[in-house]
Amino acid sequence: MNLSMPVVSVILPTYNRSGYYLERAIQSVINQSYGKWELIVIDNNSSDNTIQSIFNYKDDRIKILSINNYGNIALSRNLGIENSIGEYVAFLDSDDYWEKNKLYECISQMKQNDFEAICHGEYWNNEDKTTKVTYGPEYNFNLNKLLLRGNCISLSAIVIKKEKIVDVDCFSTKQEIITAEDYDLWIKLSKKNLKLHFTTKILGTYQIHKKSESSNIIRNTHASINVIEGHTKDKVLLNKALSNCWKVAGKLYYKNGSNKDAFKSFMKSLRLNLYDITIYLYLIISIIPINIYKKL
């Protein structure tokens with residue numbers, strides 16, 4: 001390993017995740033071909049044997065911090081950043097994992113091209129099937145596109161210079177944007193013209209669990225709405241952005257088989273943007289049960 005290569009601080013928050021998923025995530029960091037990393041695990045007052053399972057790894061690059069974040073994961077991630085020593089920061093959720101060359105590929109590209117951050121492709125594993133997902137390209141990472149298209153980046157797919165996150169005061173801990181704090185971060189960074197590069201290389205896996213419950217969909221939608229309202233006062237842009245939020249919610253409801261909630265969400269979307277033709281199509285589709293739609 002080239003001694004000039006920088007240290008990467010990997011921030012991994014967890015809560016009662018002892019077992020397969022957490023072990024898989026940690027092992028994927030240990031297995032990295034790039035050896036100059038530290039792994040900071042921030043445990044949110046777990047009541048299982050999470051702490052002991054982490055201590056079982058005999059690697060002095062692994063650190064454990066404890067916190068009671070009261071359901072605000074931004075506090076955990078900020079604590080990790082605050083206690084990190086790396087020039088670069090990478091984020092890994094406790095149920096996601098990386099390919100062994102993830103850090104090497106990202107740091108090499110960033111050093112060679114003077115990028116300030118890099119986002120890579122991922123496998124999305126929903127337990128029934130695995131999908132390849134790539135993000136970008138770069139021209140989608142700007143204020144207007146982020147507002148109009150919504151959150152388009154997985155946190156576990158990012159490596160970024162630590163100073164860039166610190167410059168925008170890290171993750172917001174506002175209660176009203178819980179579950180959308182990463183979306184808020186991307187918008188803040190786009191305002192600073194972050195030099196973010198997207199690569200289509202698949203360097204990690206994002207774990208999707210059982211279908212979202214209605215309460216999570218509505219909570220995430222309102223969190224995203226609060227983020228958007230905090231970043232624009234332009235009425236036209238705001239309405240289009242909020243319309244997209246409800247359209248996304250409608251799609252999620254529909255995939256979960258909640259046709260009534262899907263229809264209501266699409267109607268809210270339409271009221272905010274009468275000129276979006278796709279919403280009319282979704283309204284029609286939302287009347288059809290998802291199992292019949294799939295067959296069609």
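Let me start with Ile158, which is buried, at a relative accessible area of 2%. Buried means under 20% relative accessible area, exposed means over 50%, and partly exposed is in between, with a 1.4 Å probe and protein chains only. Before going on: this is a predicted model, in which local features need pLDDT of at least 70 and side-chain atom pairs count only at pLDDT 80 or more, while totals for chains, interfaces and linings use all residues. Residues are numbered from 1 along each chain as its sequence is written, and side-chain values use heavy atoms, with hydrogens and water left out.

Back to Ile158. This residue lies in strand β8, residues 158–161. Helices (H or I, at least four residues) and strands (E, at least two) are DSSP runs, numbered from the N terminus. Which residues does Ile158 touch, leaving aside neighbours within four places in sequence? They are Val89, Ala90, Phe91, Lys102, Ile118, Cys119, Ile153, Trp186 and Leu196. A contact here means heavy atoms within 4.5 Å. Take Ala90: 68 residues separate Ala90 from Ile158 in sequence, yet their C-alpha atoms are 6.0 Å apart in space.

Leu196 has its own list. Not counting residues up to four places away in sequence, Leu196 touches Ala117, Ile118, Cys119, Glu138, Phe141, Ile153 and Ile158.

That brings us to the cores. A nonpolar core is a set of buried Ala, Val, Leu, Ile, Met, Phe, Trp, Tyr and Cys residues joined through side-chain atoms within 4.5 Å. The largest one has 56 residues, and Phe91, Phe141, Ile160, Trp186 and Leu196 have the most contacts inside it. Helix α9, residues 235–255, gives the most to this core, with 9 residues. There is also a second, separate core of 27 residues, and Leu12, Ala25, Leu39 and Leu203 are among them.

In α3, residues 73–82, the buried residues are Ala74, Ser76, Arg77, Asn78, Gly80 and Ile81. What covers them includes strands β1 (8–14), β2 (37–43), β3 (62–66) and β4 (88–91), along with helices α6 (162–167) and α7 (181–191).

Helix α4, residues 102–113, has 12 residues and reaches 17 Å from its first C-alpha to its last, close to the 16 Å expected at 1.5 Å a residue. The expected span is 1.5 Å times one less than the number of residues. Buried residues in α4 include Lys102, Leu103, Glu105 and Cys106. After α4 comes Asp114, with a positive phi near 60°.

Now the charged pairs. Side chains of opposite charge can pair when their charged atoms come close. The structure holds 10 salt bridges, each being a side-chain nitrogen of Lys or Arg within 4 Å of a carboxyl oxygen of Asp or Glu.

In one, the side chains of Lys63 and Glu38 meet at 2.6 Å, N to O. Because Lys63 lies in strand β3 and Glu38 in strand β2, the pair ties together parts that are 25 residues apart in sequence. Are these two residues buried or exposed? Lys63 counts as partly exposed, at 31% relative accessibility, and Glu38 counts as buried, at 3%.

In another, Asp93 pairs with Arg77, the closest N and O atoms being 2.8 Å apart. Asp93 is in the loop between β4 and β5 (97–98) and Arg77 is in helix α3, 16 residues apart. Arg77 is buried, with a relative accessible area of 5%.

A few backbone details remain. Where is the cis peptide bond that has omega near 0°? It runs from Gly136 to Pro137, and Pro137 is found in the loop between β7 (130–133) and α5 (143–149). Asn45, in the loop between β2 and α2 (50–55), has a positive phi near 55°. Asn193 has a positive phi near 60° and lies in the loop between α7 and β9 (196–207). At 62% relative accessibility, Asn193 counts as exposed.

That is the tour. I will take questions now.
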